[in-house]
Amino acid sequence: DFRLALRRLRMTPGFTIFAIVSLALGIGVSTAIYSAVRTLLWTPLGVPRAAEIVAVTSGRVTPAMSWPDFQDLRAQQTTFATLGASSHIRTALASSHDAEIVIGDAVSGGYFSVIGVTPLLGRLLHAGDERDAARVVVISETLWRRHFRSDPSVVGQTVRLGGLPFEVVGVVKGTFHGL
């Protein structure tokens with residue numbers, strides 16, 4: 001059967017070339033689409049135990065949940081080890097070095113314990129920061145290097161976010177920029 005197929009393909013070179021080019025294009029396009037989908041949808045979060053993280057939303061079209069709703073959910077849930085909340089923000093950051101618009105997350109005290117990142121400098125937020133209603137901020141290593149010129153004394157400094165004073169309590173290690 002195999003020899004017969006090769007003989008027939010040799011007798012019709014136009015069809016043979018068309019078949020080979022079609023197969024090559026089909027395999028190439030399929031590989032490219034798979035690679036793009038894998039990169040966009042299945043890229044790991046870059047945090048330890050990413051498979052254990054679950055996103056919980058309010059069920060509305062936009063994934064928004066009010067702070068009181070989150071507190072009720074956290075108090076009533078018995079399934080998860082801990083819950084953390086985050087909300088994307090874009091605001092002005094002003095310090096003694098400079099001022100710029102930054103994109104970040106407003107997060108709950110348990111956020112960093114949920115995702116398991118570690119600080120490069122200082123500490124991360126904890127539940128006590130919520131109870132005290134402290135105005136504290138953790139910055140990324142990238143922002144620390146760019147805006148604060150890798151100043152190791154950044155922890156304890158006061159910056160203004162959206163016009164309000166916040167104390168820098170830590171710098172997140174690595175390239176972590178939120179989920």
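This report describes the fold, the strand pairing and several individual residues of a predicted model.

## Basis of the model

Local features need pLDDT of at least 70, side-chain atom pairs count only at pLDDT 80 or more, and totals for chains, interfaces and linings use all residues. Residues are numbered from 1 along each chain as its sequence is written, and side-chain values use heavy atoms, with hydrogens and water left out.

## Overall layout

The protein chain has six helices and six strands. Helices are DSSP runs of H or I with at least four residues, strands are runs of E with at least two, and both are numbered from the N terminus. In sequence order the pattern is α-α-α-β-β-α-β-α-β-α-β-β.

The protein chain has 179 residues, of which 24% count as buried. Buried means under 20% relative accessible area, exposed means over 50%, and partly exposed lies in between (1.4 Å probe, protein chains only). Take the contacts between residues at least 6 apart in sequence: 56% of them join residues at least 24 apart. Contact here means heavy atoms within 4.5 Å.

## The α1–α2 crossing

Helix α1 covers residues 2-11, and helix α2 covers residues 13-41. Their axes come within 5 Å and cross at roughly 105 degrees. α1 is therefore roughly perpendicular to α2. Axes are lines fitted to C-alpha atoms, for helices over the stretch in contact, and angles run from 0 to 180 degrees between N-to-C directions. Angles under 35 degrees count as roughly parallel, over 145 as roughly antiparallel, 65 to 115 as roughly perpendicular, and the rest as oblique.

On the α1 side, the contact is made by Leu-9, Arg-10 and Met-11. On the α2 side, Pro-13, Phe-15 and Thr-16 take part. By class, the contact has four nonpolar residues, one polar and one charged. Ala, Val, Leu, Ile, Met, Phe, Trp, Tyr, Cys and Pro count as nonpolar; Asp, Glu, Lys and Arg count as charged; the others, Gly among them, count as polar.

## Strand β6 and its partners

Strand β6 spans residues 164-172 and pairs with β3 (residues 119-122) in the antiparallel sense, over three bridges. Two strands pair if DSSP finds at least two bridges between them. Gly-122 has Gly-170 of β6 as its bridge partner. Strand β4 (residues 136-140) pairs with β6 in the parallel sense, over five bridges. There, Val-137 is bridged to Val-168 of β6.

Strand β5 (residues 158-161) pairs with β6 in the antiparallel sense, over four bridges. Leu-161 stands opposite Leu-164 in β6. β5 and β6 form a hairpin with two residues between them. In the turn, Gly-162 has a positive phi of about 60 degrees.

Tyr-111 sits in helix α4 (residues 111-115). Its relative accessible area is 4%, so Tyr-111 is buried. Its C-alpha atom is 9.2 Å from that of Leu-124, a residue 13 places away along the chain. Gln-77 lies in the loop between α3 (67-76) and β1 (86-94). Gln-77 counts as buried because its relative accessibility is 18%. A polar atom of the Gln-77 side chain lies 3.0 Å from the backbone nitrogen of Thr-79.

His-147 belongs to helix α6 (residues 141-147). With a relative accessible area of 3%, His-147 is buried. Its side chain makes a polar contact with the side chain of Ser-95, at 2.7 Å. A polar contact is a pair of N or O atoms within 3.5 Å; within protein, one must be able to donate a hydrogen and the other to accept it, and residues adjacent in sequence count only if both atoms are side-chain atoms. Not counting residues up to four places away in sequence, His-147 touches Leu-93, Ser-95, His-97, Asp-98, Ala-99 and Glu-100.

Most residues other than glycine have a negative phi. Arg-149 has a positive phi of about 55 degrees although it is not a glycine. Arg-149 is in the loop between α6 and β5. Its relative accessibility is 55%, so Arg-149 counts as exposed.

Ser-150 lies in the loop between α6 and β5. Its phi is positive, near 55 degrees. Ser-150 is partly exposed, with a relative accessible area of 27%. Leaving aside neighbours within four places in sequence, Ser-150 is in contact with Trp-144 and Arg-145.
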